[in-house]
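Thanks for coming, everyone. Let me put the structure on the screen before we talk about its pockets and its packing.

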Amino acid sequence: MRIDVVTIFPEYLAALELSLIGKARQDGLLDVRVHDLREYTTDRHRTVDDTPYGGGAGMVMKPEPWALALQPLVAEPVAAGPTVRPTLVVPSPAGEVFTQAMAHEFASLGHLVFACGRYEGIDERAIEWAGEHFEVRPVSLGDYVLNGGEVAVLAMVEAVGRLIPGVVGNPESLVEESHADGLLEYPVFTKPSSWRGRDIPEVLLSGNHAKIAQFRRAEQFRRTAVRRPDLLASVDAAGLTATDRAALSEAGFDVVDGLLVRRDPAGS
Ligand code: SAM
């Protein structure tokens with residue numbers, strides 16, 4: 001997979017040389033190229049920003065350096081074939097929220113380009129222009145505001161990169177993770193079995209794989225109900241086993257007319 005990142009802080013992306021993503025690059029699984037937006041300015045001061053039309057606080061990124069930086073990425077042939085338009089991910093708190101499903105979608109693409117905004121963001125006309133050459137996706141990391149797109153890109157590249165076959169050593173570990181099946185992961189434990197007066201759940205020492213699987217699934221439901229009850233709205237109630245229902249009931253959720261509904265604490 002080919003990934004291009006355009007930024008005014010290329011050094012921010014140095015973290016992509018480390019750990020699993022760094023190794024995937026060395027192994028040729030990921031081709032990550034970082035471009036300095038200032039290389040595409042034409043003035044002595046390498047200016048990338050200017051004051052906003054209409055007034056207001058802060059500065060806005062000028063459109064021309066963006067067009068000049070992105071243009072070569074349109075034309076360059078990529079592994080997926082020259083007819084496939086690259087996807088341009090524009091990190092923005094005003095974008096669609098990044099999810100594991102989106103990470104899977106992006107991992108299936110041949111070429112991703114990331115445009116890291118700074119200041120108050122990028123002149124909207126640059127994004128419109130890019131739409132003629134790229135599949136443009138404004139994407140938010142979450143409902144808060146960062147200083148720039150670089151941190152969001154680090155998070156997205158890591159989430160996408162680890163889904164590329166061969167990047168994570170044991171592909172099984174991708175299956176049992178939080179969000180893989182719409183639920184949060186169960187709690188995990190390692191040796192010693194007893195630590196500072198705390199014992200691991202006994203079932204994990206039983207060697208009974210069916211019982212362990214049942215325990216873990218119940219824990220997934222319990223944890224999701226407590227921490228992210230919103231995720232339960234997407235659970236297919238028809239596919240729930242009696243043990244799933246018992247775990248959910250214990251966590252305060254019942255199946256009513258095929259839907260998971262939080263029980264009224266007052267019992268009314
Ligand atoms: N004025 C913008 C707004 O209110 O929507 C925020 C600009 S922010 C200070 C500068 C840059 O940080 C954005 O252009 C974007 O690239 C990045 N950024 C900030 N928050 C983000 C978030 N939640 N997700 C992704 N990128 C974000």
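Predicted model: local features only at pLDDT ≥ 70, side-chain atom pairs only at ≥ 80, totals over all residues.

Numbering runs from 1 along each chain as its sequence is written, and side-chain values use heavy atoms, with hydrogens and water left out.

So, pockets. By pocket I mean an open set of points on a 1 Å grid over the protein atoms alone, where a 1.4 Å probe fits, with protein on both sides within 12 Å along at least five of seven lines; lining residues have an atom within 4 Å of a point. Volume is the space filled by probe spheres set on the points, which are joined across faces, edges and corners.

The largest pocket comes out at about 560 Å³. Its lining has 26 residues, and Pro91, Ser92, Pro93, Glu120 and Gly121 lie nearest the centre. Two or more lining residues come from each of β5 (87-97), α4 (124-130) and β7 (135-140); helices here are DSSP runs of H or I with at least four residues, strands are E runs of at least two, and both are numbered from the N terminus. β5 gives the most, five residues.

The second largest pocket holds about 300 Å³. Among its lining residues are Thr99, His104, His179 and Arg228.

Now, what sits in the largest nonpolar core? That core has 29 residues, and those touching the most other members include Ile3, Phe98, Phe114 and Val160. A core here is a set of buried Ala, Val, Leu, Ile, Met, Phe, Trp, Tyr and Cys residues joined through side-chain atoms within 4.5 Å, and buried means under 20% relative accessible area with a 1.4 Å probe, protein chains only. Helix α5 gives the most to this core, with seven residues. There is also a second, separate core of 18 residues, Trp66 and Val90 among them.

Is Met156 buried or exposed? Met156, found in helix α5, is buried, with a relative accessible area of 0%. Leaving aside neighbours within four places in sequence, Met156 is in contact (heavy atoms within 4.5 Å) with Val89, Pro91, Phe98, Phe114, Val139 and Leu141.

How values were computed: Buried < 20%, exposed > 50% of the residue type's maximum accessible area, 1.4 Å probe, protein only.
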